Each structure stands twice: as C-alpha cells, then as structure tokens.
Amino acid sequence: FVISSAHLIAQDACRSQEYLEQEIRRDPTLRARLEKAAQGPHAFQREIIAGTNSAQSSSLPVIRIPVVVHVLYNKSEQNITDAQVVSQIEALNKEFRKTHADTALIPSAFHDLAADCFIEFTLARVDPQGYATTGIVHKSTKKYSFGMDDAIKFSSNGGDDAWDNAQYLNIWVGSLISGVVGYSSPLGGPKEKDGVVI
C-alpha cells in the first residue's frame, strides 16, 4: 500500500519492480530462477539477522564488496566528480554499518530491527584485466538520457559494459528519462546487466 501510494504521489521513483516485470516479460524463465533464489539461503539469513543484535555479532566478518561506478555523461555538468562518488560510497557504508548520525532518529518501533549489516562497499582497486584502477569510469556518451532498456549498461548502446558481476558490483550513473531515479537488476538476471542504475 505504501509503495503504491508513493508511486502515485512521486513523479520520480525507483523503478526496480517495473524493471523486474519488464525483464520477466523478456525472459519468462527468470521468474523460476527468482523463486529458486528466494528459497535459497534463508536459514543463513535468519542466523545473521538473529546474530546482528547479540553480543556475538562483533565477531561476524565484514563482507567487502568491490564496486565499479560507471559515470556516463553527455554534458560536462553531468560528469560527476570522483569526490562525489567517494562521498556517496562513504554514505552507503554508514547506512549499511549503522554508523550514520541519523540512526538516532530510528523510531522506537524499529530500533530493535536496525542492525549493522557487516557489509562495506569499496571502490575497486584492480580492474578485470589486472590493472590498477580508481573504481570509477568516466565515459562521454552521445546519448542525452537513458531509459530502462539497459542501454546504459552496454558500450554498443552509448553506455558502458559491466565488469564481471562475480567480482564487482556495477553501479551506472547517468542522466535518466523523466520519472526514473533508478532501478536495480533482479536476482538471477543476466550477468551482463547485473547492477544498479541511478
């Protein structure tokens, strides 16, 4: 209900659910893969969730996920700086590690549910070919904006090709069509499309 209401009110929205439905129409076998993945590691997830608020949680290992940020720009003002990317990765880590100052504002009804996820995102230091990298790719494009057709994820369509999703989290940043602030790929989708678009 809340999501539906927000959808009606907001002009710009995350379109992950709409994107998921679009991908299932393109590949009907995706639904079965999603259902299988949903049945997967629930016991493990329950153990982690149960442990995050306990004294034992401090012994959990921190999972560090290498990230590549693909910045696609048509005009120079769309080419965000490396400092902006770094600041957003830092903000993301504060949220996932529950160290952000706004955690003091968590409503009491949800306070016991909020937890350190023991996940940190780090900009990749080595690219797929083994060369040093900042983890940030800046690429000029002739496209003024991108839609949910995944063109942003392919060099052949004016975007930038994904790095191996088994080694990196791909985040594409670019000018999106009106009404879309971002979307993420579904679990089990094609690896060359795997990641987040904002």
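Colleague: What makes a residue count as buried here, and what share of the 198 residues in the protein is buried?

Modeller: This is a predicted model, and in it a residue is called buried when its relative accessible area is under 20%. Buried residues, judged in that way, make up 32% of the 198 residues in the protein.

Colleague: How do you know how many helices and strands there are, and in what order do the elements run?

Modeller: A helix needs a run of at least four residues and a strand at least two, and on that basis the protein has 6 helices and 7 strands. Read from the N terminus, the elements follow the order α-β-α-α-α-β-α-α-β-β-β-β-β.

Colleague: What share of the contacts with a separation of 6 or more joins residues 24 or more positions apart?

Modeller: Contact requires heavy atoms within 4.5 Å, and among contacts with a separation of 6 or more, 67% are between residues 24 or more positions apart.

Colleague: Why are residues said to line the second largest pocket, and which of them lie nearest its centre?

Modeller: A residue is counted in the lining because it has an atom within 4 Å of a pocket point. There are 14 such residues, and Gln 88, Ile 89, Leu 92, Ile 171 and Ile 198 lie nearest the centre. The elements that each give two or more residues to this lining are α5 (82–96) and β5 (169–173), with α5 giving the most, 6 residues.

Colleague: How does the lining of the second largest pocket divide into nonpolar, polar and charged residues?

Modeller: With Leu and Ile counted among the nonpolar residues, the lining comprises 12 nonpolar and 2 polar residues, and no charged ones.

Methods. Residues are numbered from 1 along each chain as its sequence is written. This is a predicted model: local features need pLDDT of at least 70, side-chain atom pairs count only at pLDDT 80 or more; totals for chains, interfaces and linings use all residues. Side-chain values use heavy atoms; hydrogens and water are left out. Buried means under 20% relative accessible area, exposed over 50%, partly exposed in between (1.4 Å probe, protein chains only). On a 1 Å grid over the protein atoms alone, a cavity is a set of points where a 1.4 Å probe fits but cannot get out, and a pocket is an open set with protein on both sides within 12 Å along at least five of seven lines; lining residues have an atom within 4 Å of a point.
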